[in-house]
Amino acid sequence: MRFYIATDHAGYALKEFTKDYVREKGHEIIDLGPDSADRVDYPGFAKKCANAVVADRGSFGILICGTGIGISISANKVVGVRAGLCHDAYTAWATRAHNDANILCFGERVVGKGVVESMIDAFIDTEFEGGRHAGRIAKIEGCSLGADLN
């Protein structure tokens, strides 16, 4: 699998650990910045990662900020992105199995390295279940395009 990763300054310290872990699992990871822990705003980095994931069909993304909230909200503004804010292995599993998420988001101030490992494992090892969830995903996509969801 190919992963794109981006952070803001509040997620920067956990980025190298995350990149190394993804590589250890045998996957490619492309760092989209930032290149230092100097203060930056997350929306631009979220957009950069989200656009890369949408353009590179079948790829995934990882976004990290202080809580994961702002960066996930920003990423979800890009049509075709389903960025899931996760706090543990269960939420990482659920965001893939039920929501077909293509970007894993978390907060450096919220989770530790062991939790990051378990979330990445769950995210990588889980396939979208389809079935009853497929219709919901279609509605999410329709939301992005202004469709009536009833």
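Student: So what's the strand order in the open sheet, and is the pairing parallel or antiparallel?
Tutor: Keep in mind that this is a predicted model. The open sheet has 5 strands in the order β2-β1-β3-β5-β4, and the pairing is parallel.

Student: Which strands stand at the edges?
Tutor: Those are β2 (28-31) and β4 (83-85). Each has a single partner strand, so one side of each is left without a neighbour in the sheet.

Student: And how much twist is there from one strand to the next?
Tutor: The average is 25°.

Student: What packs on the sheet?
Tutor: Helix α1, residues 12-24, does. Helix α1 touches β1 (2-7), β2, β3 (60-65) and β5, and its direction makes about 155° with that of β2.

Student: How many bridges does β4 make with β5?
Tutor: β4 pairs with β5 (residues 103-107) over 3 bridges, in the parallel sense. Alanine 83 has isoleucine 103 of β5 as its bridge partner.

Student: Switching to rings: how many aromatic pairs are there in the whole structure?
Tutor: A search turns up 3. One of the pairs is tyrosine 90 with tryptophan 93, at 5.6 Å centre to centre and 35° between the planes, and that pair is tilted.

Student: Why are tyrosine 90 and tryptophan 93 about one helical turn apart?
Tutor: Because they are 3 residues apart in helix α4 (residues 89-97).

Student: Is tyrosine 90 buried or exposed?
Tutor: Tyrosine 90 has 57% relative accessibility, so it counts as exposed. The cut-off for exposed is over 50%. Tryptophan 93 has a relative accessible area of 28%, so it is partly exposed.

Student: Which residues form the aromatic cluster?
Tutor: Phe3, Phe60 and Phe123 make up one cluster.

Student: And what sits over the ring of phenylalanine 123?
Tutor: The charged end of arginine 96 does, 5.7 Å from the ring centre. So phenylalanine 123 has that charge over its ring, given that the distance cut-off is within 6 Å, and Phe123 also belongs to the aromatic cluster with Phe3 and Phe60.

Definitions and conventions. Residues are numbered from 1 along each chain as its sequence is written. This is a predicted model: local features need pLDDT of at least 70, side-chain atom pairs count only at pLDDT 80 or more; totals for chains, interfaces and linings use all residues. Side-chain values use heavy atoms; hydrogens and water are left out. Two strands pair if DSSP finds at least two bridges between them. Helices (H or I, at least four residues) and strands (E, at least two) are DSSP runs, numbered from the N terminus. Axes are lines fitted to C-alpha atoms, for helices over the stretch in contact, and angles run from 0 to 180 degrees between N-to-C directions. Contact means heavy atoms within 4.5 Å. Rings of Phe, Tyr and Trp (its six-membered ring) pair if their centres lie within 6.5 Å; planes under 30 degrees apart count as stacked, over 60 as edge-to-face and the rest as tilted. Buried means under 20% relative accessible area, exposed over 50%, partly exposed in between (1.4 Å probe, protein chains only). A charge sits over a ring if NZ of Lys or CZ of Arg is within 6 Å of the ring centre and within 35 degrees of the ring normal.
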